[in-house]
Amino acid sequence: PDDGSATQPPAPVPSTPAISPDDERLPDASRPRVAQLVSLIADIEARARDNSLMVSALAEVRQMRDTHLPRLIASYAEIPPAHRAEIFRTTGRSASYNLNEALDRMVTRAETLSRSMAQDDIDSFADNLRFIEQRYGDNGPA
């Protein structure tokens, strides 16, 4: 018997962050950045589930969470501490500084996506306020 389940999209699988701010491989200065990024991604993911127009934002933050962030941290962690000075000689900045700079870029992108998503809600609210004022304001229908 056909119960219609073949046509239903799969239910979203709850995911846990691939990376935690408590990851022992992270320098102390990176932990707040990772915490902020993980929080922004979770917020964007929750809001995007309710809006089919946000599929690209959802895909981007999931890729950030599941692929880019873990790879960035793993690549940092794989540099033996005794050889991290070579990064400084190459770039003029420490490995942890470069890590934090990359994390900051990711946070900035997630903030931009979040702001863009919020703008639709802000615009909708402003439209509703204008309607209510026109409809029920002092100059509205009697």
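Reader: How many residues does the largest nonpolar core have, and which have the most contacts inside it?
Author: This is a predicted model. The residues with the most contacts inside the largest nonpolar core are Val34, Leu37, Ile44, Leu69 and Ile73. The size of that core is 25 residues.

Reader: Which helix gives the most to this core?
Author: At least two core residues come from each of α1 (31-49), α2 (55-77) and α4 (95-136). Eight residues come from the top contributor, and that helix is α4.

Reader: Which residues does Leu37 touch, leaving out those up to four places away in sequence?
Author: Leu37 is among the core residues with the most contacts. Contact here means heavy atoms within 4.5 Å. Beyond four places in sequence, Leu37 touches Met64, Leu69, Met106, Val107 and Ala110.

Reader: Where does α2 bend?
Author: α2 has 23 residues. Its span from first C-alpha to last is 32 Å, close to the 33 Å expected at 1.5 Å a residue. The helix still bends, by about 40 degrees, at Met64.

Reader: Which helices do the buried residues of α2 pack against?
Author: Buried means under 20% relative accessible area. In α2 the buried residues include Met64, Arg65, Leu69, Pro70 and Tyr76. The buried residues of this helix pack against α1 and α4.

Reader: What lies over the face of Tyr76, and at what distance from the ring centre?
Author: Tyr76 is buried in α2. A search of the whole structure for aromatic pairs finds zero. Over the face of Tyr76 lies Arg84, and its distance from the ring centre is 4.3 Å.

Note on methods: Residues are numbered from 1 along each chain as its sequence is written. This is a predicted model: local features need pLDDT of at least 70, side-chain atom pairs count only at pLDDT 80 or more; totals for chains, interfaces and linings use all residues. Side-chain values use heavy atoms; hydrogens and water are left out. A nonpolar core is a set of buried Ala, Val, Leu, Ile, Met, Phe, Trp, Tyr and Cys residues joined through side-chain atoms within 4.5 Å. Buried means under 20% relative accessible area, exposed over 50%, partly exposed in between (1.4 Å probe, protein chains only). Helices (H or I, at least four residues) and strands (E, at least two) are DSSP runs, numbered from the N terminus. The expected span of a helix is 1.5 Å times one less than its number of residues. The bend at a residue is the angle between axes fitted to the seven residues ending there and the seven starting there. Rings of Phe, Tyr and Trp (its six-membered ring) pair if their centres lie within 6.5 Å; planes under 30 degrees apart count as stacked, over 60 as edge-to-face and the rest as tilted. A charge sits over a ring if NZ of Lys or CZ of Arg is within 6 Å of the ring centre and within 35 degrees of the ring normal.
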